[in-house]
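Subject: Structure for you to look over

Dear colleague,

I am passing on the structure we spoke about, and below it you will find my notes on what turned up when I went through it. Please read them with the model open beside you.

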Amino acid sequence: MNTEVAPLGPDRRGGAFPLAPYRLPPADGGLAPGGASGFDISTVVRILHDWRWLILGAIGIGAAIGLAATLLTKPMYRAWVTLEANPPTVEILDEKKREVQTEGSYDFIATQIGLLSSRSLAERVAQDLNLASDPAYVAPGGDPARRLSAATGKVAGGLTVITPESGQLIRYNYVDPSPQMAAKVANGIAESFISSGLQRKLEASAYARDFLQKQIAKTRASLETSERALVAYAQAQGIINTGTTDTANSGGDVSSLQGASLVALNSALAEATARRIQAQGAYQQAQMAGGSSEVTASTSALRQSKAALEAQYSEKRTLMKPDHPDMLALRSQIDELDRQISRERAQVTGGQVNSLLAAYRAAAAAENNLRGQVSGLKGSVLNLRGRSIQYNILQRDVDTNRGLYDALLQRYKEIGVGGGVGNSPVMIVDRAEPPGGPYKPNLLFNLLLGLVAGMLAGIGTAFALEYVNDTIKTREDVKAKLALACLGVVPKSTGKGRLIDEFEDPSSPVSEAYSAI
């Protein structure tokens, strides 16, 4: 790098004039402008001031380019649609038949966003709106398949889906040169998306119904086979079930005819034993008590007569002696009443004990008879229990197949009802309206961008030219680049006259500068 220096010409007496600039190699081996210390604030300000017209011109050119780009860019319109995504509920089929909410709504929303951005949905929108046949949307002519592919690509390319950070609202926009077409395609995407979701649900329900129909047919055949085997075995072994369905399914002895008879006889035996114990207790109590209540009732009149005679006897005893004829007559009557009371007591007591004894013996005989029948049926039931093992195995097969068949049939009915209901997990919140103005080109943004780019380009160009133009311009450059002291500075001549005239004028700045040097 060389440095331009303006040396002085001859002195004033010989007509001093500036010589042509010449270059000197820098003493420091090539320093950057501003000296070894680099650019400082004053240097930057000086560069910006020296090259101000270049920077202003670059800013004007950048603004002109931004304005031209705005005018030449085709206007694009953007239509927005808002959807609400509600994760579906999953029904758990069990005895309580409860419903639980699906977890991971973020995964569900991410899935819906992926489906919105899929090419299959874009192709469905192009087919539903017949965009391939619209000359304003796709260039006419050519193969229909190619036009459909072009329309699909245009729908997919103009769609932008915004992933929500929270909540269940999904927003997307579609961009098109026509505001009406932008709103039309945006709404078509929402409607096709909901329709495709319902169609997938119907297809899944149809597949489930077909699968359940096949399983029901297989289970029905297995149920019929197991029922035939059960009936054949019961006929061969002579097993007769008389209980209800629940009792028969339990596999106990009560479900058989012998078991039912044994249960009935056992109940009757328990009742007969209770009656025998009651009769025995009554008989024993009558033997010990002698039938006091019945005897008292039957001899009540006799005892009253006896009490009256004894009262007379006691009254007359104070006046008469015991051997008196009246006293003897009263004693004879009292003794006769005692004999009658004894006879009546004996008769009543004997009859009651005999009747209680007969009842006790009858109850004991009935108990013994029932006990014998129960003992006889026990062996029959035990024999039947051994023969019912295979019967119970076949019965369990029948119960299992019947339960499976009923569950599949119930599930088939539920799918048939629920599959026809169009409940979509996605709903339209806000439909697209034709935009009032284009969202690009943005005149203010383009002008601002052009101004900033022009300013940066102008400043960069100014610094580049300053770096290339390495002449000495200030007294600081002399010290920084030449490592010499500056003796003085000669200003440029601003007058239109000759330079020699300024030298001859002692008061001129040029003459004074040369004189000072």
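Helices and strands in these notes are DSSP runs, numbered from the N terminus, a helix being H or I over at least four residues and a strand being E over at least two. This is a predicted model, in which local features need pLDDT of at least 70 and side-chain atom pairs count only at pLDDT 80 or more, while totals for chains, interfaces and linings use all residues. Residues are numbered from 1 along each chain as its sequence is written, and side-chain values use heavy atoms, with hydrogens and water left out.

The sheet

Four strands form an open sheet in the order β6-β7-β3-β8, with antiparallel pairing, where two strands count as paired if DSSP finds at least two bridges between them. The edge strands, each pairing on one side only, are β6 (159–162) and β8 (426–430). From one strand to the next the twist averages 30°; axes here are lines fitted to C-alpha atoms, for helices over the stretch in contact, and angles run from 0 to 180 degrees between N-to-C directions. Strands β3 (residues 77–85) and β7 (residues 169–176) are joined in the antiparallel sense by eight bridges, and R78 has V175 in β7 as its bridge partner. Helix α5 (residues 144–158) packs on the sheet, where it touches β6 and β7, and its direction makes about 125° with that of β7.

N173 also belongs to strand β7, and with a relative accessible area of 3% it is buried (buried means under 20% relative accessible area, exposed over 50%, and partly exposed in between, with a 1.4 Å probe and protein chains only). Leaving aside neighbours within four places in sequence, N173 is in contact (heavy atoms within 4.5 Å) with R78, A79, W80, G158, L159 and T160.

The nonpolar cores

A nonpolar core is here a set of buried Ala, Val, Leu, Ile, Met, Phe, Trp, Tyr and Cys residues joined through side-chain atoms within 4.5 Å. The largest has 34 residues, of which L83, L116, Y137, Y172, V185 and I189 touch the most other members. At least two residues of this core come from each of β3, α3 (105–116), α4 (119–128), α5, β6, β7 and α6 (179–237), and α6 gives the most, with eight. Apart from this core lies another, of ten residues, among them L212, I216, L223 and L394.

Not counting residues up to four places away in sequence, the contacts of L83 include L116, Y172, A190, F193 and V426. L116, found in helix α3, counts as buried at 2% relative accessibility, and with the same exclusion in sequence it touches L83, L121, L159, V161, I170, Y172, I189 and F193. L116 and A190 are 74 residues apart in sequence, yet 8.5 Å apart in space from C-alpha to C-alpha.

Buried in α2 are I55, A58, I59, G62, A63, G66 and T70. These cover an arc of only 135° around the axis, which puts them on the same side of α2, the arc being that of the directions from the helix axis to the C-beta atoms. On the other side of α2, W53, I61, I65, L71 and L72 are exposed. The buried residues of α2 pack against α1 (41–50) and α12 (443–468).

Helix α12, with 26 residues, reaches 37 Å from its first C-alpha to its last, close to the expected 38 Å. Its buried residues are N446, G450, G454, G458, A462 and E466, and they pack against α1 and α2.

Two backbone angles to check

Most residues other than glycine have a negative phi. N130, in the loop between α4 and α5, is not a glycine but has a positive phi of about 55°, and at 46% relative accessibility it counts as partly exposed. A483, in the loop between α13 (475–482) and α14 (499–504), likewise has a positive phi, near 60°, and is exposed, with a relative accessible area of 61%.

With best wishes

Definitions and conventions: Expected span 1.5 Å × (residues − 1).
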